[in-house]
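Colleague: I am new to this structure and would like a close look at a single part of it. Please keep the answer plain.

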Amino acid sequence: MSKSKNSEAVDTTLIRRLYFFLKPYKWFILLAIVLTLSASYLGTIRPKLTQIAVDEYIATDDFEGLWWIITLLAGALLGEFILLVFNTYITRWFGQNALFSLRNTVFKKIQTLNVQFFDKNPIGKLITRTTSDIEALSELLSDGVVAIIGDMFRIIFILYFMFSMNWELSLVTLTVLPILFYATFWFKAKVRVTFLEVRDKIAQLNSFVQEHINGIDVVQLFNREKKQREKFEKINAGHRDAYIDTIFYFAIFWPIVEITASLAMALIVWYGGARALMDGVTFGVLLAFIQYARQFFRPIQGLSEKFNTLQSALASSERIFGVLDTETQVVETENPKTIKDPKGKIEFQNVWFKYNEGEDHVLKDISFTAEPGEDIAIVGATGAGKTTIINLLLRFYDIEKGSIKIDGVDIRDLTLNDLRSHFGLVLQDNALFSGTILDNITLGHPNITREQVINAAHKVEAHRFIEKLPNSYDYVLKERGASLSMGQRQLICFVRALVYNPEILVLDEATSSVDSETEALVTESSRLMMQGRTSIVVAHRLSTIQHVDKILVMHKGVIREIGSHQELIQKEDGIYKKLYELQYKDQLVAGE
């Protein structure tokens with residue numbers, strides 16, 4: 001029993017929160033409700049006019065009055081048609097505007113969430129939230145609520161006219177309602193659960209498809225198409241079965257409504273016909289009641305359809321608001337500071353960090369300083385904590401203990417926009433988007449000119465291949481830059497980082513995915529970019545960092561060695577020396 005109450009409370013809360021997106025259009029909603037109520041009244045007055053026509057004009061051979069009633073009936077039909085046309089357009093208009101606002105809100109929220117959220121939530125599920133889940137709200141926000149109000153008042157109008165004509169026949173007609181009420185409550189309890197299951201399965205389908213399209217080359221290379229098809233068929237079967245469950249409940253509910261309506265009609269004919277034979281009921285009233293009985297169950301069917309829409313929408317809205325209610329782990333200060341004259345000094349002071357509670361620390365008491373204009377490289381085995389340092393520096397995650405400072409200001413005292421505006425970042429997995437090369441470099445920044453982009457491209461040797469492309473800087477890239485080579489994609493990311501002219505440059509394994517020839521070009525480009533900037537380079541290939549001022553050697557979350565390449569290579573049994581010898585053992589053996 002408590003579960004049911006809680007469910008109702010949740011529904012009310014969700015509907016109230018959805019109304020927030022409709023609130024700017026409240027006057028249009030009010031107009032739509034007025035139009036709906038007017039159309040409902042005109043629709044339910046027709047049987048009453050039929051009763052008047054039969055009992056007062058046809059029975060008395062008053063053909064002049066009959067033509068007047070026919071004119072009223074035609075007017076009611078035309079008026080209902082016009083009102084419904086305007087009502088449909090208005091409700092769809094404000095509904096789509098509300099969906100537009102909701103989509104923007106969800107996408108904006110996703111952009112503000114910290115990296116840890118994306119570690120735990122598959123991209124396919126987030127795509128579902130911003131597409132099909134929001135689309136499931138279309139009917140509800142467009143005309144669902146207004147139509148529900150219209151159907152409810154249509155039932156009220158029908159009851160009013162029925163009881164005003166004959167209360168006994170009205171009660172006989174309504175004796176079938178307990179059957180309908182029981183079927184409706186049963187239907188509601190079952191369908192809500194199945195709709196939640198359907199939305200879950202859709203999210204799983206989207207997630208699986210997204211992952212396997214991105215990794216299609218791996219699937220084909222290892223001949224795993226059959227195995228992945230089997231996995232997809234299993235997920236798809238789960239979605240099919242969940243949807244069939246909803247069909248099963250509808251398959252039971254709709255015939256119950258139809259049979260109940262037919263039973264009501266039979267009771268009217270049985271009781272009303274007997275009363276008519278005894279002159280207790282006029283033929284016009286009996287005819288009107290038959291029409292009202294047909295009309296009475298139509299809005300009930302409409303309400304059940306809207307309930308279907310409502311359940312689907314609530315199931316989707318629970319997931320949408322689940323994203324909107326996600327608390328950002330990286331919280332900005334209410335009283336931010338600014339760096340007035342940025343130089344690019346970086347200080348890590350006794351920093352501790354772990355990704356999740358109960359896990360071991362990834363970084364343990366990390367302390368180092370990068371002076372303005374100094375180049376620092378971070379090396380170590382996989383899992384040593386190299387990339388974690390970058391993630392903490394950019395505040396993709398917050399540290400557990402210690403402090404990180406930029407020019408003497410704790411990064412937690414800066415806004416995220418201010419903090420990240422001082423950085424240029426090039427990752428191993430270069431992020432390019434569908435659009436022109438120019439748009440990919442500027443990312444829509446209004447103050448970056450085409451000339452600045454070309455100058456930056458010249459500096460990192462990217463201009464030569466860009467100008468050879470069709471339309472040059474206006475060449476449209478395919479998804480993730482698939483039409484370019486790995487090295488070309490990386491050079492575009494270098495141009496992007498350079499054109500923003502940051503004080504601090506971060507290169508995270510920027511050369512690990514390119515061939516040796518491209519590596520030489522990228523390495524030279526990175527050296528040019530690093531001039532005059534504080535630079536932090538996370539490196540796998542030690543050949544790319546021999547020129548840096550300082551190298552941090554990490555092992556299991558701890559800085560074990562610090563020094564230049566020459567200093568570290570001379571350390572007996574040093575970690576860096578071992579890494580160097582492992583990478584270049586062939587050259588070392590050949591030189592002996």
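Which helices each supply at least two residues of the lining of the second largest pocket?

Modeller: This is a predicted model. Four helices each give at least two residues to the lining of the second largest pocket: H1 (2-22), H7 (138-165), H9 (177-214) and H12 (283-324). Of these, H12 provides the largest share, nine residues. The lining consists of 25 residues, and those nearest the centre of the pocket are Met152, Thr184, Leu303, Ser304 and Phe307. By type, the lining has 17 nonpolar residues, four polar ones and four charged ones. The volume of this pocket is about 650 Å³.

Elsewhere in the chain, two residues can be described together. Lysine 577 belongs to helix H21, which covers residues 575-583. Leucine 568 is part of helix H20, residues 565-569. Lysine 577 has a relative accessible area of 17%, and because the limit for buried is under 20%, lysine 577 counts as buried. Leucine 568 is also buried, since its relative accessibility is 0%.

Apart from neighbours within four places in sequence, lysine 577 is in contact with Leu568, Ile569, Lys571 and Glu572.

Technical notes
Residues numbered from 1 in each chain as written. Predicted model: local features only at pLDDT ≥ 70, side-chain atom pairs only at ≥ 80, totals over all residues. Heavy atoms only, no water. 1 Å grid on protein atoms, 1.4 Å probe; cavity = no way out; pocket = protein on both sides within 12 Å on 5 of 7 lines; lining within 4 Å. Points joined across faces, edges and corners; volume = space filled by probe spheres on them. Nonpolar A, V, L, I, M, F, W, Y, C, P; charged D, E, K, R; others polar. Buried < 20%, exposed > 50% of the residue type's maximum accessible area, 1.4 Å probe, protein only. Contact = heavy atoms within 4.5 Å.
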